[in-house]
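The report below describes a protein model through its strands, its helices and one of its pockets.

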Amino acid sequence: MKKNFNNVVITDRKFNPQEELFNEIIYFEEGIFNRSSSYLSKFQAIIKKAKVYKDVKKQINHLKNEEEITLYYSSLEDILSNHLFFNFNSRIKAVAIEDGVLNYYQHSLRDVSHINFYLKKIIAYCFNLKMKSYRGHTSGIDYEKVTYQLVREPKYAVRPEKSKQLPLPKRNIIALNNNILIIGQEPYGNLYSISKYTQKLKELIIELKKDLKKLDTSIVIYYKPHRHGPRLSENFFEKIFIDLNFVYLNDDRSIENIYFNDLKSSRLYTFDSSAVFNIHYELPDNLKNSLRVTVMPFHNEMLNTLFSRLNFKVLKE
């Protein structure tokens with residue numbers, strides 16, 4: 001990839017973009033995780049993020065009138081991405097970067113909480129950031145100013161004709177072990193209530209325990225919570241996994257890095273996390289058949305087609 005005039009990437013410091021590819025790399029504060037468990041804490045989390053975004057906007061104001069500028073972003077539901085996409089520079093060209101599994105199924109404002117979106121819109125306005133209701137897919141791929149999207153699997157993506165391969169190398173890993181990893185999705189606790197999330201998690205664990213009867217009970221069961229969303233207590237899991245080897249992973253590193261650097265589990269359980277898709281993709285080809293992934297759709301079946309193509313075990317909702 002050649003460096004073009006005024007290529008811009010905005011990210012936090014846990015990522016290490018190739019500096020030679022960009023004219024502008026803007027870093028924002030690391031660790032802006034929304035772990036809200038109430039409307040008040042959600043409100044506070046959005047304000048915190050908007051403050052950081054306001055500072056980013058100041059750092060790139062010198063680009064506002066440039067003749068040629070490329071924006072790399074992930075989702076139009078995000079305050080900063082939305083503002084820069086619609087209100088920063090009328091000549092802007094954009095490249096959508098894969099955002100979890102968002103780029104692989106139909107998702108638009110119809111699938112977003114109207115209350116949450118307009119709350120973001122009001123808070124953004126208070127920090128001199130404009131947020132606009134968008135049309136089409138949340139990635140923005142339907143807009144002409146989006147030249148293409150970078151994704152792991154272009155053939156499976158929404159709008160494959162505008163999709164290119166995300167340049168990610170395979171991980172250097174030799175073998176998988178027999179341990180189990182449960183990938184949490186705590187943001188559902190905000191969307192549907194923590195009691196609903198807890199209920200669904202127990203259902204997923206029931207399926208895990210059925211499989212466990214066929215396995216060596218000396219294996220270790222790991223639970224990794226999402227970096228966003230309300231926390232469940234470790235005591236909750238200890239009661240469920242009594243007499244089993246259980247480890248609660250309280251770690252803010254990405255689940256992918258934890259998996260490949262430390263865990264290397266052959267069995268993964270989750271609802272519809274993008275992490276299992278990422279892990280499957282980044283595994284060397286000779287290890288893909290050793291990976292057993294079980295998914296249980298939390299609220300709909302939009303990802304079932306993708307997961308079935310990857311030979312994941314899809315449980316009925």
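Predicted model: local features only at pLDDT ≥ 70, side-chain atom pairs only at ≥ 80, totals over all residues.

Residues are numbered from 1 along each chain as its sequence is written, and side-chain values use heavy atoms, with hydrogens and water left out.

Helices (H or I, at least four residues) and strands (E, at least two) are DSSP runs, numbered from the N terminus. Strand β3, residues 70-73, is covered on both faces, with T70 and Y72 buried on one side and L71 and Y73 buried on the other; buried means under 20% relative accessible area, exposed means over 50%, and partly exposed lies in between (1.4 Å probe, protein chains only). Two strands count as paired if DSSP finds at least two bridges between them.

| Strand pair | Sense | Bridges |
|---|---|---|
| β3 and β4 | parallel | 4 bridges |
| β4 and β5 | parallel | 4 bridges |
| β5 and β6 | parallel | 3 bridges |
| β11 and β12 | parallel | 2 bridges |

Within the pairing of β3 with β4 (residues 93-97), Y72 has V95 of β4 as its bridge partner. From β3 the chain crosses through α2 to β4, and this β-α-β crossover is right-handed, a term that applies if, with the strands pointing away from the viewer, the path from the first strand over the helix to the second runs clockwise.

Helix α2 comprises residues 79-87 and contains S81, a residue that is buried, with a relative accessible area of 13%. Residues up to four places away in sequence being left aside, S81 touches L71, Y73, S74, S75 and L76, where contact means heavy atoms within 4.5 Å. Two of these partners, L71 and Y73, are the buried residues on one side of β3.

Strand β5 (residues 146-151) is mostly covered, since 5 of its 6 residues are buried. Towards β6, which spans residues 163-165, Q149 stands opposite S163. S163 is itself buried, with a relative accessible area of 12%, and, neighbours within four places in sequence set aside, is in contact with Q149, V151, P154, A157 and V158. By contrast, S163 and I182, which are 19 residues apart in sequence, lie 31 Å apart in space, C-alpha to C-alpha.

Another group of strands forms an open sheet of 6 strands in the order β9-β8-β7-β10-β11-β12, with parallel pairing. Its edges are β9 (245-248) and β12 (313-314), each of which has a single partner strand, so one side of each is left without a neighbour in the sheet.

Helix α7, residues 255-263, has as its buried residues I255, E256, I258, Y259, F260 and L263. These buried residues pack against β7 (177-183), β8 (220-224), β10 and α8 (274-282). After α7 comes K264, whose phi is positive, near 55°.

## The second largest pocket

The second largest pocket has a volume of about 230 Å³. On a 1 Å grid over the protein atoms alone, a pocket is an open set of points where a 1.4 Å probe fits, with protein on both sides within 12 Å along at least five of seven lines, and lining residues have an atom within 4 Å of a point; grid points are joined across faces, edges and corners, and a volume is the space filled by probe spheres set on the points. Of the 15 residues that line this pocket, L291, R292, V293, N311 and F312 are the closest to its centre. Strands β10 (265-270) and β11 (292-295) each supply at least two residues of the lining.

## Positive phi in two loops

N128, in the loop between α3 and β5, has a positive phi near 60° although not a glycine, and is exposed, with a relative accessible area of 54%. R159, in the loop between β5 and β6, has a positive phi of about 55° and is likewise not a glycine, but R159 is partly exposed, with a relative accessible area of 27%.
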